[in-house]
Structures are given as structure tokens and as C-alpha cells.
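Student: I have a new structure open here and would like to go through how its parts pack together. Could you take me through it step by step?

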Amino acid sequence: MTTVLVTGGGERLAEVAKAIEEAGAETTVVDTLDRLGEAVRGKTFDGYVQLPVAMTPRTGGSLVSRVEQFLSEGLLSRFRAAETVLPALAESANVLLVGGQTNVDSDAPDDQEARTALMRVLAHALRAERAPSHLRVRTAGPEWSATDIATKILSEGGSESDAEQTGERQAIGKAYADWRAEVLGLVRVEF
């Protein structure tokens, strides 16, 4: 039976897990990063759905402080979660990173494109970490239904022939392996 890990928070967590189960897979649901390591220890998952985390914005303080909290406890916590989950993913697992978290304050600047770009960076990092093997990682918007998510996480990929996929996968795997070596080889970076 296909096994899928579903992480995140909020109301969508149970809804997405139910849709995946109704599509015929077994799910493990984790609603907090604190329990994630324990939940995946000794297991292997064929799929991983990472939903947005639920967080309570700070009250008071500066806008800069609230945006920092949004990034560190929200968007960037997804990188920590993915790092924890990665060893528990099957070699050719499907991963779906689902967007949806909005800014923590209506006065705060919101840049959906920047948030989506950070999720794409996470997707590339996951692929590179597994290179040259082929980890299928996709991103999805907040408008995706639970059924859409279940269908995509349980799909086997495109319709190309095995020969085309093998050649393409090898080239992509090598490119990600090269990128990974470059990033790991960085001695000093200025931002």
C-alpha cells in the first residue's frame, strides 16, 4: 500500500489526509514540527504533502518583528521539516509543497511571488539533495482542493516513455548533483 506523510497545520490537514485515504493510500499525519522526527523514524514514505503551518502571530512589537516571525516560524520552518522528512522518503517519492500562508499583518507588505519563489528554492534543494536519484517535487497553490492534492501526490508522473524518462532523469540528476556540490562547496556568502 502507498504511504503518504502529511504535515502542516490548520483545518486543511485532516481534509487532505482524508482525501488521500479515500484515494487508497495510508497516511501519517503530523501537525507540529516538534513531533516530526519521532513520527518518521524507521518509516519509509512514498509521498509527502507539506501543507502550510498554522501559527499565531505575535501581538505588539514592530512590523519587522512580525514579518520575521512569519518567515522563521512559517515559511522557513518548511525547510527544517523537509530536512527531517527527507531520509524517510522512498528513492522515487512524490513530494508536494502546498502554499497558502498569508502575511501575518494586514499592514505588512505581502509578496506572493516571493513566497512561491522560496517554495521553489526548497523544491530544488530537495531534488539536489537526492541527486542523482529522482525525487519528484512539485509546488501547488492554496487554491488546490484536497482532492487535487490527493490526485497529484498519488500520480506516477508524466506520459513520456521509459527511455525518455531515464535519459532525462539522468541529465537532471547530474545537474542537481553539480548544483549540490557547488552549494556545499561555498565557503563564504554575503547576503
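Student: At roughly what angle do the axes of helix α1 and helix α6 cross?

Tutor: In this predicted model, the axes of α1, residues 12-22, and α6, residues 146-153, come within 8 Å and cross at roughly 50°. Angles from 65 to 115 degrees would count as roughly perpendicular and those under 35 degrees as roughly parallel, so α1 and α6 are oblique to each other.

Student: And is the crossing left-handed or right-handed?

Tutor: It is right-handed, as α1 passes α6.

Student: Which residues make the contact?

Tutor: From α1 the contact draws on Arg12, Glu15, Val16, Ala19 and Ile20, while α6 brings in Ala146, Thr147, Ile149, Ala150 and Ile153. Sorted by class, the contact of α1 with α6 has seven nonpolar residues, one polar residue and two charged ones.

Student: Switching to the core, how many residues are in the largest nonpolar one?

Tutor: The largest nonpolar core has 24 residues, and Leu5, Leu89, Val95, Leu126 and Leu135 are those with the most contacts inside it. At least two residues each are supplied by α2, β3, α4, β4 and α5, and the largest share, five residues, comes from β4.

Student: What is Val95 in contact with, leaving aside its neighbours within four places in sequence?

Tutor: Val95 is then in contact with Tyr48, Leu89, Leu126, Leu135, Arg136, Val137, Arg138 and Ile153.

Student: Which residues does the second core include?

Tutor: The second core is separate and has 16 residues, among them Leu13, Val16, Ile20 and Val98.

Methods:
Residues numbered from 1 in each chain as written. Predicted model: local features only at pLDDT ≥ 70, side-chain atom pairs only at ≥ 80, totals over all residues. Heavy atoms only, no water. Axes fitted to C-alpha atoms, helices over the stretch in contact; angles between N-to-C directions. Helix = DSSP H or I, 4+ residues; strand = E, 2+ residues; numbered from the N terminus. Parallel < 35°, antiparallel > 145°, perpendicular 65-115°, else oblique. Left-handed = near helix turned anticlockwise from the far one by under 90°. Contact = heavy atoms within 4.5 Å. Nonpolar A, V, L, I, M, F, W, Y, C, P; charged D, E, K, R; others polar. Core = buried A, V, L, I, M, F, W, Y, C linked by side-chain atoms within 4.5 Å. Buried < 20%, exposed > 50% of the residue type's maximum accessible area, 1.4 Å probe, protein only.
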